[in-house]
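Look at the chain below and follow its side chains.

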Amino acid sequence: INFSANSEYNVNLPVQLIPSEFFGGQPGTFQEARFGRDWNSTATFDFSQPILHADKFAQIKASKYAKEEVKFNQENQKQQTLQRVSLQYLSVLVLQESLQLNRELDSTAMALYASTKARFDRQLVSQVDINRAENLMHQTKQQTLQIESNLKLAMVNLSVLLGISNPQTVELKDKISNYQNEKNVVQLTENNILQAANRPAVKAAE
């Protein structure tokens, strides 16, 4: 709503003498004619009512999209966390079985070295043979130590993902073979590819 007013008072107005004959008077006489009025006043009043605030409408719409984006981003983060936990979990299972197999190789390599050493003492094999057996024993032992180190690190990472403060208290009674069933194999089909459009990350980007 806008309102304005203005008023002016004219102190001096121009005056002109006009023959009285124009107004029905006597010839030879004159009459004063003043141009304008002493007081001039004006007033204006304006009222406007906007029907639609386009910027407000755009902000409301943007906030709605932002709310949807946050929801899908949270779901996407949840899925990514589950993926990281699953990968780390399976990595621990693989390392556990690898460690078991490598320890069996250690026993075999040690038995081979002991047998070769006994035959070397009886001069049945050469120095090359016993060196080869000894190198194999050290190699398998080194692999075992490396796997043990990787397994401890993988357990620490898994415990961090699961929020467990003491990794030594974690014991996995599971085998990687439990996940090698053909029923658990996911076939890549056209339907799986089309479902990618419904992933939270895609929805958030939209």
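## A nonpolar patch

Four residues, I1, F3, F45 and F47, make up a nonpolar patch on the surface. Together they have about 550 Å² of accessible area. Keep in mind that this is a predicted model.

Where does F47 sit? F47 is in the loop between β4 (39–46) and α1 (54–121). F47 counts as exposed because its relative accessibility is 53%, and the cut-off for exposed is over 50%.

## Aromatic pairs

How many aromatic pairs are there? The count comes to 2. One of them joins F3 and F45. Their ring centres are 6.5 Å apart. F3 is exposed, with 61% relative accessible area. F45 is exposed as well, at 59% relative accessibility.

Y9 and W39 also pair, with ring centres 4.9 Å apart. Their planes are at 45 degrees, so this pair is tilted. Y9 lies in strand β1 and W39 in strand β4, so the pair ties together parts that are 30 residues apart in sequence. Y9 is partly exposed, with a relative accessible area of 47%. W39 is exposed, at 56%.

## Salt bridges

Side chains of opposite charge can pair when their charged atoms come close. A search of the whole structure gives 4 salt bridges. Among them is the one between K71 and E68. Its closest N and O atoms are 3.2 Å apart. K71 and E68 are 3 residues apart in helix α1, so about one helical turn separates them. K71 is partly exposed, at 45% relative accessibility. E68 is partly exposed too, with a relative accessible area of 32%.

Next comes the salt bridge of R103 and E148, with an N to O distance of 3.0 Å. R103 lies in helix α1 and E148 in helix α2, so the pair ties together parts 45 residues apart in sequence. R103 counts as partly exposed, at 43% relative accessibility. E148 counts as partly exposed, at 24%. D121 and K117 form a salt bridge as well, their closest N and O atoms being 3.2 Å apart. These two are 4 residues apart in helix α1, so about one helical turn lies between them. K117 is partly exposed, at 31% relative accessibility.

Now turn to T144, a residue of helix α2. Is T144 buried or exposed? T144 is buried, because its relative accessible area is 1% and the cut-off for buried is under 20%. Which residues does T144 touch, leaving aside its neighbours within four places in sequence? They are L99, N102, R103 and D106. One of these, R103, also takes part in the salt bridge with E148.

S159 lies in helix α2 (residues 127–162) too. S159 is buried, with a relative accessible area of 1%. Set aside its neighbours within four places in sequence, and S159 is in contact with I164, P167 and V170.

## Q16 in strand β2

Q16 is found in strand β2 (residues 15–19). Q16 is partly exposed, with a relative accessible area of 43%. Neighbours within four places in sequence aside, Q16 is in contact with Q31, E32, A33 and F35.

How far is Q16 from D55, counted between C-alpha atoms? The separation is 60 Å. Along the chain, Q16 and D55 are 39 residues apart.

Definitions and conventions
Residues numbered from 1 in each chain as written. Predicted model: local features only at pLDDT ≥ 70, side-chain atom pairs only at ≥ 80, totals over all residues. Heavy atoms only, no water. Patch = residues over 30% accessible without salt bridge, like charges linked within 9 Å, V, L, I, M, F, W, Y side chains within 5 Å. Areas by Shrake-Rupley, 256 points an atom, 1.4 Å probe, with all protein chains shown as cover. Salt bridge = Lys/Arg side-chain N within 4 Å of Asp/Glu carboxyl O. Buried < 20%, exposed > 50% of the residue type's maximum accessible area, 1.4 Å probe, protein only. Contact = heavy atoms within 4.5 Å. Phe/Tyr/Trp six-rings, centres within 6.5 Å; stacked < 30°, edge-to-face > 60°.
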